[in-house]
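Thank you for asking me to look over this model. My remarks follow as numbered points, and they begin with a question that can be checked by eye.

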Amino acid sequence: MEYTRLGTSGLKISRISLGCMSFGDPAKRMSWTLDDEGAEPIFRQAIELGVTFWDTANIYGLGTSEEIVGRALRKYTRRDDIVLATKVFQPMHQGPGGSGLSRKAIMEQVDASLRRLDTDYIDLYQIHRFDPETPVEETMEALHDVVKAGKARYIGASSMWAWQFAAMQHRAEIHGWTKFVSMQDQYSLIHREEEREMFGLLADQGVGSIPWSPLAAGRVARPWGERSSRRSETNPDVDFHGRPLFLDSDKAIVDAVQRIAEARGVPMAQVAMAWVLKNPVVSAPIVGATKPHHLADAVAALDVRLTDEEIRSLEEPYVPRMPTYF
Ligand SMILES: NC(=O)c1ccc[n+]([C@@H]2O[C@H](COP(=O)([O-])OP(=O)(O)OC[C@H]3O[C@@H](n4cnc5c(N)ncnc54)[C@H](OP(=O)(O)O)[C@@H]3O)[C@@H](O)[C@H]2O)c1
């Protein structure tokens, strides 16, 4: 395993992060998620491979992902050996403390996450989206207070417009509050809109990118149109705004991944992950493993160096689109 700093912060993370949205009670939110027993081989594999940066959220499995992660922390490793990230924003219940980034919601939700994770601190506490219904100052001061109370070590953000992120960082800076060290954005061979504005901002500010869905939820890890798993059978084709997640033109990208993978004799996932990893602003992609070999492929991608010709054929078919999920 390689380790790196998260952006220019002092936090050392593994270059591959374990995405814990794959874990949770399948009856709660997504039918394809794994329970404790199903997740065990993946946690064991993560420890063996040195994948020590784990990402979850209060909303995953409506709290049950955090509970599974909390039990895994005690069973398979030592809490201090893991860099533990979770998130706040999405609706956990109705009422003023159940969602959003108000001071009330942040204070309630951080304590609820700590209880479920069965730990007294979170390494990276992330806002899951921008909240247009709360003043930026209120959110940034509340997050600063969470850090000063010792409940979180660092803060991060996820999926928003670059101007919103810049506004939040600026308010924190002028007030002397804790600033974000990471941005968790959707980034893969078929979702590249963050290259437009966000990545330049992150590079300028020394903020690390930790992309979610680096394999486009599996779409670039298998031939176009193949739906051979529970997740791929049930995954939506549009986001919650009704925006398409995939364009017909994406077939050419997936075909290129397949061609390169076959020529090199490696799984498609390694080629697609190697492409994400080569971007200098990327600190660590967050992999969604549902089988132990998924993590092994992600780690193996650290040794795959794509040629200029291969990169050209992967990138050329990309068609700009509306970003999805925010
Ligand atoms: N901040 C946010 O808003 C946000 C949103 C989404 C996710 N996330 C975070 O990002 C993490 C990863 O998201 P994701 O699961 O969508 O990521 P992903 O890595 O793009 O997709 C994971 C899926 O790809 C397939 N896959 C993975 N490795 C493979 C391999 N070696 N060979 C073949 N197929 C492979 C599997 O599909 P099958 O299961 O179908 O086989 C797996 O479920 C989540 O767990 C969560 O922590 C954050």
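1. In which segment is Tyr325 found? The model is a predicted one, and in it Tyr325 lies in the segment after α11, the helix that covers 308-315. Although Tyr325 is not a glycine, its phi is positive, at about 70°. Tyr325 counts as partly exposed, because 16 C-beta neighbours lie inside 10 Å, and a residue needs 20 or more to be called buried.

2. As to the chain as a whole, its secondary structure comes to eleven helices and ten strands. The radius of gyration is 19 Å, close to the 20 Å that the globule rule gives for 326 residues, so the chain is as compact as a globular protein of that length. Along the principal axes, the C-alpha atoms fill a box of roughly 55 × 40 × 35 Å. Of the 326 residues, 47% are buried, and among contacts with a separation of 6 or more, 78% are between residues 24 or more positions apart.

3. The UniProt record, an unreviewed entry, lists residues 15-316 as "domain: NADP-dependent oxidoreductase". Over residues 15-316 the chain is 41% helix and 11% strand, with its end C-alpha atoms 27 Å apart. I would take the domain name as coming from that record.

4. Around the ligand there is a shell of 31 residues, of which the closest are Gly19, Met21, Gly218, Ala269 and Gly288. The elements that contribute two or more residues to this shell are α7 (230-234), β10 (286-287) and α10 (292-300). The largest share comes from α10, which supplies three residues.

5. Helix α3, residues 103-117, has 15 residues that should span 21 Å at 1.5 Å a residue, and the distance of 21 Å between its end C-alpha atoms agrees with this. Its buried residues are Ala105, Ile106, Gln109, Val110, Ser113, Arg116 and Leu117. Seen down the axis of α3, these buried residues fall within an arc of 130°, so they line one face of the helix. They pack against α2 (64-76), β5 (83-88), β6 (122-127), α4 (136-148) and β7 (152-158). The residue that follows α3 is Asp118, with a positive phi near 55°.

6. Helix α4 has 13 residues and reaches 18 Å from its first C-alpha to its last, close to the expected 18 Å. Thr139, Met140, Ala142, Leu143 and Val146 are buried in α4. Around the axis they cover an arc of only 160°, which puts them on the same side of α4. What the buried residues of α4 pack against is α3, β6, β7 and α5. After α4 comes Gly150, whose phi is positive, near 80°.

7. Which residues of α5 are buried? They are Phe165, Met168 and Ala172, and since they fall within an arc of 65° when seen down the axis of α5, they line one face of the helix. On the other side of α5, Trp163, Glu173 and Ile174 are exposed. The cover over the buried residues includes α4, β7, β8 (180-184) and α6 (198-205). Helix α5 itself, residues 162-175, has 14 residues and reaches 20 Å from end to end of its C-alpha atoms, close to the 20 Å expected. Gly176 follows α5 with a positive phi near 75°.

8. Ser213 also deserves a look, in the loop between β9 (208-209) and α7. Its phi is positive, about 50°, although Ser213 is not a glycine. Is Ser213 buried or exposed? Ser213 counts as buried, because it has 25 C-beta neighbours inside 10 Å.

9. Finally, Ala284 is found in the loop between α9 (268-277) and β10. With 27 other C-beta atoms within 10 Å, Ala284 is buried. Leaving aside neighbours within four places in sequence, the contacts of Ala284 are Thr4, Ile13, Ser14, Arg15, Ile16, Ser17, Phe53 and Ile210. By contrast, the C-alpha atoms of Ala284 and Asp239, which are 45 residues apart along the chain, are separated by 24 Å.

Technical notes
Residues numbered from 1 in each chain as written. Predicted model: local features only at pLDDT ≥ 70, side-chain atom pairs only at ≥ 80, totals over all residues. Helix = DSSP H or I, 4+ residues; strand = E, 2+ residues; numbered from the N terminus. Expected span 1.5 Å × (residues − 1). Buried ≥ 20, exposed ≤ 12 C-beta atoms within 10 Å, placed from the backbone. Arc of directions from axis to C-beta. Contact = placed C-beta atoms within 7 Å. UniProt positions renumbered as here; feature names shortened; annotations may be inferred. Rg over C-alpha atoms; globule rule 2.2 N^0.38 Å. Near = placed C-beta within 6 Å.
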